[in-house]
Amino acid sequence: TEKGKNRALTFNFNKMKIKTPEVWDGFWYIVIFDIPEKYKWARLSLRDKLLNLGFFQCQKSVYIFPYPCQDEIDFISQFFEVGRYVRYGILQHITNEAELFLKFNLKGP
C-alpha cells in the first residue's frame with residue numbers, strides 16, 4: 001500500500017549511511033541549496049540530515065563530504081520534496097582544505 005511504501009522509505013531514511021571507501025579519491029563532494037522560506041521545515045530537516053550523515057557545514061546552505069554521495073543526496077532531496085532547490089557537485093580543490101582534512105581525518109596531497 002501507499003502507507004506501507006511511505007513507512008519503508010522513512011525507515012530507510014532513518015537508517016541511511018554513506019559508504020566510506022577504503023581509499024579517498026581526493027575529491028570533495030558538495031551540496032548547495034537555496035530552499036524558499038515556505039519550505040523552511042524541509043530546509044531545516046535537510047540541514048539536520050546532512051549533519052547527521054557527517055557532512056561539514058561550510059556556510060548556512062553549503063555542505064561538503066569527502067566521499068561520493070549523489071544517490072543519497074538525490075534520495076534525501078526527493079524525500080523532502082525540494083530536489084529542484086538542491087545542487088550536488090564535485091570539487092577537485094577548495095581553499096582552506098586543512099580544516100576539512102582534520103574534520104574527516106584525511107591526509108592532504
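This is a predicted model: local features need pLDDT of at least 70, side-chain atom pairs count only at pLDDT 80 or more; totals for chains, interfaces and linings use all residues.
Trainee: What makes Ser 61 a buried residue?

Mentor: A residue is called buried when its relative accessible area is under 20%, and Ser 61 has a relative accessible area of 17%, so Ser 61 counts as buried. Ser 61 is found in the loop between β2 (56–59) and β3 (62–65), and, leaving out residues up to four places away in sequence, Ser 61 touches Val 31, Ile 32, Phe 33 and Arg 47.

Trainee: Why is the pairing of the side chains of Ser 61 and Arg 47 called a polar contact?

Mentor: The term asks for a pair of N or O atoms within 3.5 Å, where one must be able to donate a hydrogen and the other to accept it. The side chains of Ser 61 and Arg 47 make such a contact at 3.2 Å, so the distance falls within the cut-off of 3.5 Å.

Trainee: How do you know that the buried residues of α3 line one face of the helix?

Mentor: In α3, which spans residues 70–79, the buried residues are Glu 72, Ile 73, Ile 76 and Ser 77. Seen down the helix axis, these buried residues fall within an arc of 130°, and therefore they line one face of α3. An α-helix has 3.6 residues a turn, so residues three or four places apart point the same way. The face of α3 turned away from the buried side carries the exposed residues Asp 71 and Gln 78. Just after α3, Glu 81 takes a positive phi of about 60°.

Trainee: Which residues touch the most other members of the largest nonpolar core, and which element gives the most to this core?

Mentor: This core has 32 residues, of which Trp 28, Val 31, Phe 33, Leu 46, Leu 50 and Phe 55 touch the most other members. At least two residues come from each of β1 (28–33), α2 (40–52), β3, α3 and α4 (97–103), and β1 gives the most, with 5 residues.

Trainee: What does Val 31 touch, not counting residues up to four places away in sequence?

Mentor: With contact taken as heavy atoms within 4.5 Å, Val 31 touches Leu 50, Phe 55, Ser 61, Val 62, Tyr 63, Ile 73, Val 86, Arg 87 and Tyr 88.

How values were computed. Residues are numbered from 1 along each chain as its sequence is written. Side-chain values use heavy atoms; hydrogens and water are left out. Buried means under 20% relative accessible area, exposed over 50%, partly exposed in between (1.4 Å probe, protein chains only). Helices (H or I, at least four residues) and strands (E, at least two) are DSSP runs, numbered from the N terminus. The arc is that of the directions from the helix axis to the C-beta atoms. A nonpolar core is a set of buried Ala, Val, Leu, Ile, Met, Phe, Trp, Tyr and Cys residues joined through side-chain atoms within 4.5 Å.
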